[in-house]
Amino acid sequence: NQDPNIKKVHHFIMNLPASAPEFLNAFAGYQFESSSSAAAGDKDNNNEAPWIHVYCFGPKDYEQARIESIQRCEAALGCPLEPESQDDNKKESAILLHVVRDVSPRKNMVCVSFRLPEAAKSLPRISL
């Protein structure tokens, strides 16, 4: 049973664009309900995967920024941000990327948003 006084976090905002992705390893071993058990359980489930919003710098080209930012986040977290889908027709990315602002002639600040992947639960926790 969970303590009713414990508040669950639904969104983590990591707003240090030069290095925010490198801190994603802090989510290794983070426990939450899987999406399937959350869907089967009550609708007030307070322990589903949180949204992670990571601000970082990327190239001006949107597609290149998306690829580089996602790869950087996956490398730091230690697992893919979304599971591989066998059915490409049904695959809809759960990873959102938006341009926050133009910061230089060759660089934009972007925000990568995603739900913490199920695979993160089985990663070894970092020791502090």
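**A tour of charged pairs and cysteines**

This predicted model holds four salt bridges. Side chains of opposite charge can pair when their charged atoms come close. Let's visit some of these pairs.

Start by selecting Glu 22 and Arg 72. Their side chains meet in a salt bridge, with N and O 3.0 Å apart. Now colour the chain by secondary structure: Glu 22 sits in the loop between strand 1 (11-14) and helix 1 (35-40), while Arg 72 belongs to helix 2 (residues 62-77), so this pair links distant parts of the chain, 50 residues apart.

Next, select Asp 102 and Lys 60. The closest N and O atoms of this salt bridge are 2.5 Å apart. Asp 102 lies in strand 3 (residues 96-104) and Lys 60 in the loop between strand 2 (51-59) and helix 2, so the pair ties together parts that are 42 residues apart in sequence. Asp 102 is exposed, with a relative accessible area of 51%, whereas Lys 60, at 31%, is partly exposed.

Move on to Glu 118 and Lys 121, another salt bridge, whose closest N and O atoms are 3.0 Å apart. Glu 118 counts as partly exposed, at 39% relative accessibility.

Finish with the cysteines. How many disulfides are there? The count is zero. Select Cys 73: the nearest cysteine sulfur belongs to Cys 56 and is 5.4 Å away, but a disulfide needs the two sulfur atoms within 2.5 Å. Is Cys 73 buried or exposed? Cys 73 is buried, at 0% relative accessibility. Cys 79 is buried as well, at 7%.

Note on methods: Residues are numbered from 1 along each chain as its sequence is written. This is a predicted model: local features need pLDDT of at least 70, side-chain atom pairs count only at pLDDT 80 or more; totals for chains, interfaces and linings use all residues. Side-chain values use heavy atoms; hydrogens and water are left out. Buried means under 20% relative accessible area, exposed over 50%, partly exposed in between (1.4 Å probe, protein chains only). Helices (H or I, at least four residues) and strands (E, at least two) are DSSP runs, numbered from the N terminus.
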